[in-house]
Amino acid sequence: RERERERDLEVIKERVDEEMGRLEAGTQKVVVELQNVISELRSENKRLKESFRNLSRSHGELKVECEGVNSLNARLEKQLNSANGRVKNLIKLSEVKREIKSAADEKENKENKPEKPKVVLQ
């Protein structure tokens with residue numbers, strides 16, 4: 001009976017050892033897979049950091065460009081307002097010239113036009 005019990009214990013121990021071997025092999029497989037995933041994540045993280053640096057650099061360059069465009073836009077707007085003022089002044093001068101010419105033409109027409117003799121009725 002004692003021998004039977006020892007044999008049963010030996011069988012159980014062998015089964016436990018086999019199961020432990022399978023678990024260790026499975027655990028080792030999971031560890032290798034996790035190491036591969038960690039390696040891939042590190043590579044992806046590195047790539048994303050580089051992309052972020054490039055985007056930050058591009059953002060900075062675009063910001064500087066935008067500031068330049070805004071500055072140029074403000075300068076052009078001032079020039080446009082100034083040009084509009086000059087055009088308005090030229091239009092006013094043109095209207096004054098027309099009025100002067102019209103008045104001169106009218107005066108010339110009066111001077112060159114013979115006066116009609118006045119008929120005096122008695």
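1. Helices are taken here as DSSP runs of H or I with at least four residues, numbered from the N terminus. On that basis Arg47 and Glu44 both belong to helix H1, where three residues, about one turn of the helix, separate them. The structure under review is a predicted model, and the points below should be read accordingly.

2. Overall architecture. The protein chain contains one helix and zero strands. Its radius of gyration is 51 Å, well over the 14 Å given by the globule rule for 122 residues, so the chain is more spread out than a compact globule. Along the principal axes, the C-alpha atoms occupy a box of roughly 175 × 35 × 15 Å. Helix H1 covers residues 2-112.

3. Separation along the chain. His59 and Asn81 are 22 residues apart in the chain, and their C-alpha atoms are separated by 32 Å. His59 itself is part of helix H1. With a relative accessible area of 53%, His59 is classed as exposed, because the cut-off for that class is over 50%.

4. Burial and surface. Of the 122 residues in the protein chain, 0% count as buried. The accessible surface of the chain amounts to about 12400 Å², and carbon and sulfur atoms account for 56% of this area.

5. Nonpolar patch. Which residues form a nonpolar patch on the surface? The patch consists of Leu9, Ile12, Val16, Met20 and Leu23, which together have about 450 Å² of accessible area. Of these residues, Leu9 is located in helix H1.

6. The protein chain carries 28 positive and 25 negative side chains, and 13 Å lies between the centres of the two sets. On the surface, a patch of negative charge is made up of Glu2, Glu6, Glu10, Glu14, Asp17 and Glu18. One of its members, Glu14, is placed in helix H1. Glu14 has a relative accessibility of 43% and is therefore partly exposed, as this value falls between the 20% and 50% cut-offs.

7. Salt bridges in general. Side chains of opposite charge can pair when their charged atoms come close.

8. Arg22 and Glu19. These two residues form a salt bridge in which the closest N and O atoms are 2.5 Å apart. Both Arg22 and Glu19 are in helix H1, at a spacing of three residues, about one turn of the helix. Glu19 has a relative accessible area of 37%, which makes Glu19 partly exposed.

9. Arg47 and Glu44. How accessible are the two partners, at 44% for Arg47 and 34% for Glu44? Arg47 counts as partly exposed at its relative accessibility of 44%, and Glu44 is likewise partly exposed at 34%.

10. Glu50 and Arg53. A salt bridge links Glu50 with Arg53, and the closest N and O atoms are 2.8 Å apart. Both residues are within helix H1, three residues apart, about one turn of the helix. Glu50 is partly exposed, with a relative accessibility of 35%. Arg53 is also partly exposed, at 42%.

Terms used. Residues numbered from 1 in each chain as written. Predicted model: local features only at pLDDT ≥ 70, side-chain atom pairs only at ≥ 80, totals over all residues. Heavy atoms only, no water. Patch = residues over 30% accessible without salt bridge, like charges linked within 9 Å, V, L, I, M, F, W, Y side chains within 5 Å. Areas by Shrake-Rupley, 256 points an atom, 1.4 Å probe, with all protein chains shown as cover. Salt bridge = Lys/Arg side-chain N within 4 Å of Asp/Glu carboxyl O. Helix = DSSP H or I, 4+ residues; strand = E, 2+ residues; numbered from the N terminus. Buried < 20%, exposed > 50% of the residue type's maximum accessible area, 1.4 Å probe, protein only. Rg over C-alpha atoms; globule rule 2.2 N^0.38 Å. Lys, Arg positive; Asp, Glu negative; His and termini not counted. Charge placed at Lys NZ, Arg CZ, Asp CG, Glu CD.
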